[in-house]
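The report below takes up the overall build of a single chain, the surroundings of its ligand, and a segment close to the end of the sequence. Please read it alongside the sequence and the coordinates.

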Amino acid sequence: ELPTIYVVTPTYARLVQKAELVRLSQTLLHVPKLHWVVVEDAAAPSALVASLLAQSGLRFTHLHAPTAPERRRRPGDPAWLRPRGAEQRNRALQWLRDTRAPAEPAVVYFADDDNTYSLRLFDEMRSTRRVAVWPVGLVGGLRFERPLVERGRVVGFHAAWKPERPFPLDMAGFAVALRLLLARPGARFDPRAERGYLESSLLRHLVSREQLEPKADNCTRVLVWHTRTEKPKMRQEEQLQREGLGSDPHVEV
Ligand code: UDP
Ligand code: MN
């Protein structure tokens, strides 16, 4: 029987949110035995995300967890200043621990709403026994980052940005067996982690570097891309709004 893949997606309200979630949901529709855990960065669940999930055709759980006010990004802060999505991913970990049985064969993957995922990636991660790893494209100032593999073992990392990190991996570059997460109840993301260290803050509870399981042909294939969506310009909208002629606010975008 195929292990379930729990895909955990933190998400927050902005102009492109629905477009991101529609695109991701329609990728996930192609993946068998998948359960989407969507965690809104908000004090309450939104109608937009609730109805999108209800109509998605996916098996899903809709959670929410607001980022603590002192950790929220302020307008004008550079994007890298604070880790994003940490409290939301921790909320999903809590839900998994509260509701799932350790005997259930399953894998947990943290999939941001804006990345690009090949369907082959889900085939690769499904056999994760502890923590599986693979390359991520368009990240860390490189064409790709990846674990370096010799004789089937991870012996190092191709990463240029803070290569001294305990696990120089992007969030999109690993998956964890549910059983391992439930066996280590203290394993969580540290929302106060220094820039770049969020992934390591979880993984250090779970495995040593030597235990990482390389996937995607010994980490030679890029099956996920750290794409980022441009913020849409709203100059004309703002102009029309000043004249009382803005796009109908009742139409959901
Ligand atoms: N995110 C969030 N709250 C925020 C900013 C981001 O929940 O205030 C989510 C976002 O929707 C995404 C993940 O956290 O799923 C990572 O954010 P982002 O893609 O902006 O990070 P980056 O691509 O810069 O690493
Ligand atoms: Mn992103």
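A residue is called buried if 20 or more other C-beta atoms lie within 10 Å of its own, the C-beta atoms being placed from the backbone. By that criterion helix α8, which spans residues 235-242, is hardly covered, since the count of buried residues among its eight residues is zero. Just after α8, Gly244 adopts a positive phi of about 75°. Across the chain, buried residues account for 37% of the 253 residues.

The model is a predicted one, and its chain contains eight helices and twelve strands. The radius of gyration of the chain is 19 Å, close to the 18 Å given by the globule rule for 253 residues, so the chain is as compact as a globular protein of that length. Taken along the principal axes, the box filled by the C-alpha atoms is roughly 65 × 40 × 35 Å. Among contacts between residues at least 6 apart in sequence, 75% join residues that are at least 24 apart.

Which residues come nearest to ligand 1? Of the 15 residues around ligand 1, these are Tyr12, Asp41, Arg84, Gly85 and Asp112. Strand β1, residues 4-11, provides the largest share of this shell, with three residues. The make-up of the shell by class is as follows.

| Class in the shell around ligand 1 | Count |
|---|---|
| Nonpolar | three residues |
| Polar | five residues |

Terms used:
Residues numbered from 1 in each chain as written. Chains lettered and ligands numbered in written order. Predicted model: local features only at pLDDT ≥ 70, side-chain atom pairs only at ≥ 80, totals over all residues. Helix = DSSP H or I, 4+ residues; strand = E, 2+ residues; numbered from the N terminus. Rg over C-alpha atoms; globule rule 2.2 N^0.38 Å. Buried ≥ 20, exposed ≤ 12 C-beta atoms within 10 Å, placed from the backbone. Contact = placed C-beta atoms within 7 Å. Near = placed C-beta within 6 Å. Nonpolar A, V, L, I, M, F, W, Y, C, P; charged D, E, K, R; others polar.
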